[in-house]
Amino acid sequence: MATPLTLFEKVWRGHEVVAQTADTPAVLYIDLHLIHEVTSPQAFTVLRERGLRLRRPALTFATMDHSTPTRTEQVFGGAPISIEAAARQVHELERNCAAFDVELLGLRDERRGIVHIIGPELGLTQPGKTVVCGDSHTSTHGALGALAFGIGTTEVGHVFATQCLLQRKPRTLAVNVHGALPAGVSAKDLILAIIGRIGVGGGTGHVIEYRGEAIRALDMDGRMTVCNMSIEAGARAGMIAPDETTFRYLAGRPRAPQGAAWEAALEQWRQLPSDPGAQFDREVDIEAGSLEPMMTYGTNPGMVIPVGGTIPERADDPVFAKALTYMGFAPGQALREHPVNVVFVGSCTNGRISDLRAAASLLRGRKVAAGVHMLVVPGSQHVKREAEAEGLDRIFLEAGAEWRESGCSMCLGMNGDLVPKGQYAVSTSNRNFEGRQGVGARTLLASPLTAAACAVRGRVTDPRELL
Amino acid sequence: MEPIRTLRSRTVVLTASDIDTDQIIPARFLTTTTREGLGKHLFADWRYGPDGAPRADFVLNQPQAHGCSILVAGANFGCGSSREHAPWALTDFGLRAVISTQFADIFRNNALKNGLLPVVVDADTHRWLLEHPGEPLSIDLELSSLTLPNGTTVRFPLEPFARYCLLNGVDELGFLLGREAEIAAYEARRGLA
Ligand code: SF4
């Protein structure tokens, strides 16, 4: 009998143009190359310098998200983009896509959004594909059973010119999540707990496959949240085997196969899940039933505790002490009831429709506490329209939150949506690094439900108190 | 790319562990469309005060850091974003090697493509290096070894292909373009031609 293979192994093997040897990495074929304005300009420059074209422009797809404005008047109203360098980057992408024949969803395109939201949304991301982008959260697309990972700008140039990458084969890590998540505990809490358990370097050199009942029970939005933060555990990629949930999600999406091609694709996709008995290099087991809403207290996503927990003590660890000083916290302190200044719901981690529904469910009929600035930024224009059709925008606005156009926004603040120095921001994004949301900003990562609960009370709150 | 064989320099030490790419170069400097000139933004939020003036207490601003091409950093360096601006900023500042206990995958890839050597050492060597800033080291790429001032030599892992490219100044894009026949055959097999 053939050796049982993992999902990763199957996708990898299907894309080996040249297998790796002791001396040379594999040449791996890329099915989908997503690009955006920040990490592509220097790669286009290399093409120009060397007189090269894109090998497969049709497998390349561009959007703008990182430095784009979220204020309606700057997107649609003819007001200029307030940051000049950002405007230049946007125009450079338009120019490059036109010159090199790449399909671009421009600033006013109704399909535009954060690159990792629109790939799956348009049906471009599919099971078994290799997907790359000059962005570390490309791991998100692994939720559909693709092998998807972030690359640097030099590699963006490699894919442009050859549709291939030189890659060493990563190791595999199975994260088995048993049981069911309790009420009020979401995919975000699960992935934060996993990172807390294996550490920010715990997945380095590995592709994670998330498995088990709790993963199967997640909808696609939740699966994307989990895979999105694989990189925060240092993993190269995160993957989830495609199943009926995946197929239902993809059916009928504009760029998904249609008709007979759909049936043929389904046939292939059903072969992808890891074979029984397939071996992983490492395995980790997590009990979903014991998890609680989580929140970070430090300056990397591994510094995380249950919302109701207390900050640990780590004597003789100057790095830990420095992180707490930055955050204005002390060892042994409880997070609960700590005042909150800003609440951000959005990003490629939690900017999808289910995330907005979760936040809105808690805000319905309630108000954002006085003095708290709450910003809700849908992950794509499609998510925005969907939310508006359901009346979620009214709920946010009536509660006193801001409702914006899509983009990365306050996740990294490149477009000027920043957390003021020293303020505490409960954020549904993925990184709480020093200065990530603005110089001196103090980020507390949490789920959309927890973020909404904190907005209502103006203090760190376990959302289960308000359910 | 210039070939590298050996590297000799005093070290500059940043003890913080898990230094992420947002520290190496904050997002607000990513609106550039070129690769050059990012060295001035390296570690910007640690290096400059709120008024933009260099902080005298930050090691990269001190006279002994001048001319150092080897950075010793705390455990696990380069996590976070895929921004190649991080190695661009480090090399533009004049650094050619970073020593730590582990590197984030994307950062390591990006560094190697820009002639910046990620050197992984064991915990004991790492501790010694953190405690002895400014000591002269020499790195031999051919042997993948690092020699401490007392003559002790430690080997570090370096992927053979990356080593070959660094030693010979080989450009990976050229290597990939040379695989045209295999790529075309693969596309034909998949019906992509
Ligand atoms: S939302 Fe944040 S993490 Fe996601 S792509 Fe944008 S900047 Fe990166």
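Contact means heavy atoms within 4.5 Å, and helices (H or I, at least four residues) and strands (E, at least two) are DSSP runs numbered from the N terminus. The views show a predicted model, in which local features need pLDDT of at least 70, side-chain atom pairs count only at pLDDT 80 or more, and totals for chains, interfaces and linings use all residues. Residues are numbered from 1 along each chain as its sequence is written, chains are lettered from A and ligands numbered from 1 in the order in which they are written, and side-chain values use heavy atoms, with hydrogens and water left out.

**View 1. The three-stranded sheet of chain A is open and antiparallel, in the order E1-E2-E8.** Two strands pair if DSSP finds at least two bridges between them. Strand E1 (16-18) and strand E8 (164-167) of chain A each have a single partner strand, so one side of each is left without a neighbour in the sheet. Neighbouring strands are turned by 40 degrees against each other on average, direction ignored. Strand E2 (residues 26-29) of chain A is joined to E8(A) by four bridges; A:Tyr29 has A:Cys164 as its bridge partner in E8(A). Helix H1 (residues 7-14) of chain A lies across E1, E2 and E8 of chain A, at about 45 degrees to E1(A). Axes are lines fitted to C-alpha atoms, for helices over the stretch in contact, and angles run from 0 to 180 degrees between N-to-C directions.

**View 2. A second open sheet of chain A has five strands with parallel pairing, in the order E5-E4-E3-E6-E7.** Strand E5 (103-105) and strand E7 (147-150) of chain A are the edge strands, each pairing on one side only. The twist from one strand to the next averages 20 degrees. Four bridges link strand E6 (residues 130-133) of chain A with E7(A) in the parallel sense, and A:Val131 stands opposite A:Ala148 in E7(A).

**View 3. Chain A and chain B meet through 63 residues of chain A and 56 residues of chain B.** About 4700 Å² is buried between the chains, 57% of it from carbon and sulfur atoms; buried area is the accessible area (1.4 Å probe) that two parts lose on being put together, summed over both.

**View 4. A:Asp31 and B:Arg190 form a salt bridge, their closest N and O atoms 3.0 Å apart.** A salt bridge is a side-chain nitrogen of Lys or Arg within 4 Å of a carboxyl oxygen of Asp or Glu. The count between chain B and chain A is nine salt bridges.
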